[in-house]
Amino acid sequence: MNKLTNILLVDDDPIANYVNKTLLEKIDGVEQVTTAPNGKVALQLLEQQTSPNNTPDLILLDINMPVMNGIEFMQAYKELAIEGKETIKVIILTTSNHPRDLACFTDLPIAGFLNKPLTSGKISGLLDEHFPA
Amino acid sequence: MHQEQNLDFESIFNTMPGSFLVLKPNAPQYTILAISDELLHNTRMERVEVVGKGVFEVYPENPDAITATGPTSLRTSLKNAVENRVLDQIPVVRYDVPDGSGGFEVRYWSANSRPVTDSSGKLLYILHTTQDITDKIVAETRVSDLRSIEKKYSLFLKAPLAVCILTGPENIIELSNDDMLRFYNKSKDIIGQPLFEAIPEAKHQGFAEILDQVRKTGQTFAYSEYPTKRVIDGNEAIYYYNIVCQPYYENPFDKEPSGVFSIAHNVTELVLAKKRVEESEARLQAIIEATPECIKIVSPDGLLNYMNKSGLHMIEGDEELLGKVNVLDVIAPEHRTTWKKNHLRVCEGNNLSWEFDIIGLKGKRRRMETHAVPLPGENGRSQLAVTHDITKRKEAELALRESEEQFRTFANNIENLAWMADPQGSIYWYNERWFNYTGTSLEEMIGWGWEKVHHPDHVASVVAFVSQAWKSGDNWELTFPLRNAKGEYQWFLTRAYPVKDEQGNVLRWIGTNTNINEQKKAEASLEAKNMELVRINNDLDNFIYTASHDLKAPISNIEGLIGLLSEELAGLDSQHADIGHIISLMEKSMDRFKRTIASLTDLVKLQQESASPVTRLDLGELIGEVLLDLEPHIKASAAAIEVAVDACTYIYFSEKNLRSVVLNLLSNALKYAAADRVPVIRIGCEEQPNYHVLTVKDNGLGLSLQSQKQLFTMFKRFHDHVEGTGIGLYMVKKMVEGSGGYIAVSSEEGAGTEFRVFIKKTPVKD
């Protein structure tokens, strides 16, 4: 059994969200995959949580989004005080491998990067690294 | 009694002892009525010569002894006796008497005059009684004279003179005064002894010969400033004496001198003082002669009394001229009047300085500057002058003026505005173009007036800059706007050059203002264009970035969807054999699309990283690392790699770029290997004067000549059997050229390709 049960997908692209959600829901043990169209909504979801049981184990975060992009979200997230935050892994999910983009996340609490698109292979790598059985 | 009454009183009177006269009171004659025999005898007179004659007729005044008071006293005494009827006493007086041979004999008398009256008181006679006291007076005088001589003798011997009398051939010391005894440091005991026995050292001072000579010849020996060595208080020193050795004779008729009378006067102080004066004069003379200036003394009538060597050289003459030539002779004719006038003013007591020309005796003209003072002398005041030859200075000044004039002419004819300033930066001259451009006048501009034509926004910084620049003494440049006559400002480049003397002191500044308004405009326009280009470039960069990113997102979605689709259709494969193939083709197209986008991204990265730092790289090590990265490909193709780069151990290049260059060339060599032979890749390096040449040679497919020409073009691919984006060599070329090098290729189809990368040797800065 994986420890990964609750995932928050933050991406403005509904197709990407559809593909990713579909793939993630196939993982054994995953009970809930929530999507947010931008950083602001994601932040509200996190703040509205009443119990640490609802806290996501993994946040997959796109960079380029309207309203609040991935970098702005991370800056806000860094200051966010919620229960169980220490167990959340934030993975940046991006099409970009441009250093200009990646450099923005220095000093922000992220667990790693993954190139889009998400594939079954990449997911199993992610599980091995961050959520070992 | 009668008999007694007939007494011969006259005879009795005549023979009475004593000297008497009976005089008639008939002033002023005072006729002698009777005289005693003793007085007659005493004055060597006969009675007939005397009686009946006036007393002053018989005993007249000695005209050679006008100080003798006898006759005057007698007259006063007689007058007193007559007028006042009293006895008049005459004290001792000198009253010389005729000696019978026309002369007079000195006599001293003591006398009185007594009035004789009858019973009625009538004055009858004057009885004059006198006493000859000549012998007594003479004796008294002798004693006094002797005392005077003794006093003088004593004073003489005490005089600061060494005196001695030496007698006979043995030079017996007859007399030696204290000074002489002190001279030889002897006591009076030596008197009576032979000189050279008593004072042996005197012999060695040459005295023996002198004394002999004086005694033998009877000639006086006199010597001034005779040097004598003496030891006083243990210190030996030379003393100087004026010496006189004079023969003396015991008797006036002696033919041979009895001895020698010697006087020595110590004149050491005098001589030393004289020597000091002489030395001082010699020094002064030496200074005067050594000075390069002309020093001269000219008498009121213009006679050249003195001139030092430098002066004589200037007038091209010699010392023969002194005291003979008139200075006016060497003064240039046009300056003579002034010179004469000034000379006279100096002789009247004024100090003066002036300039004049001289023409030397050989014709050379010089410009002189003289400073003259009056010099008092026996014949009134002369002119003492120190005169410099200022010909060269004047010529230099003239040359400078001429050159300045030439400069002004030149400066008025150039396109630039020009000016001159003093060492402190105060401008005293502008060329005509300045005035034409600014529409100002010299009066407005002189000194610091230029501030008026400066732009108010710039003037403060310009003033601050030039204030510092004047002090530095170095060339300077500055650009600033200047207002023209229409009130418009145009930009000028100002350059200032200091004109210095031999010591490096700034004499003046010369400056130019070059109109650079057009250039400034062009610069501004160029800058605007540059900024535009930078903006375009940034836009392009952003476009590529955005395009690649925005393309990536849908592609990524399609890829993801294909993945999902593929999983969804996995169970249908057996019924639809084409599904797997179609999905595989879709994935391939997707991959190619992704690579193209990746290449575009790489290109953007390269442009952004063109400024990556140049470091010293170990080529062999770097190649080794790249080969390690390529190891799977090398193994797969079983390629033989030969590396021989010892010729250039270190290369200066951006590490990332050189790695990319090597990686691209090696991966190309592996990719485009010929299928029919084992790939052999030779990596070499050679050193050329300006480059390290890295070579990568393969035995692969090779390229046609046409292909070689287009080899480094972006997105150009010549082989379609392998994956590629056509951007690798384009990037290699950019990287090599960006660091000052270049890349060359030689290839033969079917035989292989060689790339030669010329890497600039010197470290490339910036």
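Modeller: The model we are discussing is a predicted one.

Biologist: Is the crossing of helix 20 and helix 22 of chain B left-handed or right-handed, and how many nonpolar residues does their contact hold?

Modeller: The crossing of these two helices of chain B is right-handed. Helix 20 of chain B makes the contact through B:L622, B:I623, B:V626 and B:D629, while helix 22 of chain B brings B:L658, B:R659, B:V662, B:L663 and B:L666. Among the contact residues none is polar and 2 are charged, and the nonpolar ones number 7.

Biologist: Which element of chain B gives the largest share of the largest nonpolar core?

Modeller: This core has 33 residues, of which B:V661, B:L665, B:L666 and B:V732 touch the most other members. Elements of chain B that each supply at least two of its residues include helix 20, strand 25 (650–654), strand 26 (680–687) and helix 24 (728–738). The largest share, 7 residues, is that of helix 22 of chain B.

Biologist: Which residues does B:L665 contact, once its neighbours within four places in sequence are left aside?

Modeller: B:L665 is among the core members that touch the most others, and B:V732 is another of them. With those neighbours in sequence set aside, the contacts of B:L665 are B:V696, B:V732 and B:F755.

Biologist: What percentage of the contacts in chain B between residues at least 6 apart in sequence join residues at least 24 apart?

Modeller: Chain B has 766 residues, 22% of which count as buried, and its secondary structure comes to 24 helices and 29 strands. Of its contacts between residues at least 6 apart in sequence, the share that joins residues at least 24 apart is 49%.

Biologist: Where does the cis peptide bond of chain A lie that joins A:K116 and A:P117?

Modeller: The omega of this bond is about -5°. A:P117 is located in the loop of chain A between strand 5 (112–115) and helix 5 (120–130).

Biologist: Is B:R85, with its positive phi, buried, exposed or partly exposed?

Modeller: The phi of B:R85 is near 55°, although the residue is not a glycine, and B:R85 sits in the loop between helix 6 (70–84) and strand 3 (88–94) of chain B. A residue counts as buried with 20 or more other C-beta atoms within 10 Å and as exposed with 12 or fewer. B:R85 has 13 such atoms, which means that it is partly exposed.

Biologist: How many residues does chain B bring to the contact with chain A?

Modeller: Chain A takes part with 13 residues, and this side divides into 5 nonpolar, 6 polar and 2 charged. For chain B, the number of residues in the contact is 12.

How values were computed: Residues are numbered from 1 along each chain as its sequence is written. Chains are lettered from A and ligands numbered from 1 in the order in which they are written. This is a predicted model: local features need pLDDT of at least 70, side-chain atom pairs count only at pLDDT 80 or more; totals for chains, interfaces and linings use all residues. A crossing is left-handed if the near helix is turned anticlockwise from the far one by less than a right angle, and right-handed if clockwise. Helices (H or I, at least four residues) and strands (E, at least two) are DSSP runs, numbered from the N terminus. Two residues are in contact if their C-beta atoms, placed from the backbone, lie within 7 Å. Ala, Val, Leu, Ile, Met, Phe, Trp, Tyr, Cys and Pro count as nonpolar, Asp, Glu, Lys and Arg as charged, and the others, Gly among them, as polar. A nonpolar core is a set of buried Ala, Val, Leu, Ile, Met, Phe, Trp, Tyr and Cys residues joined through C-beta atoms within 7 Å.
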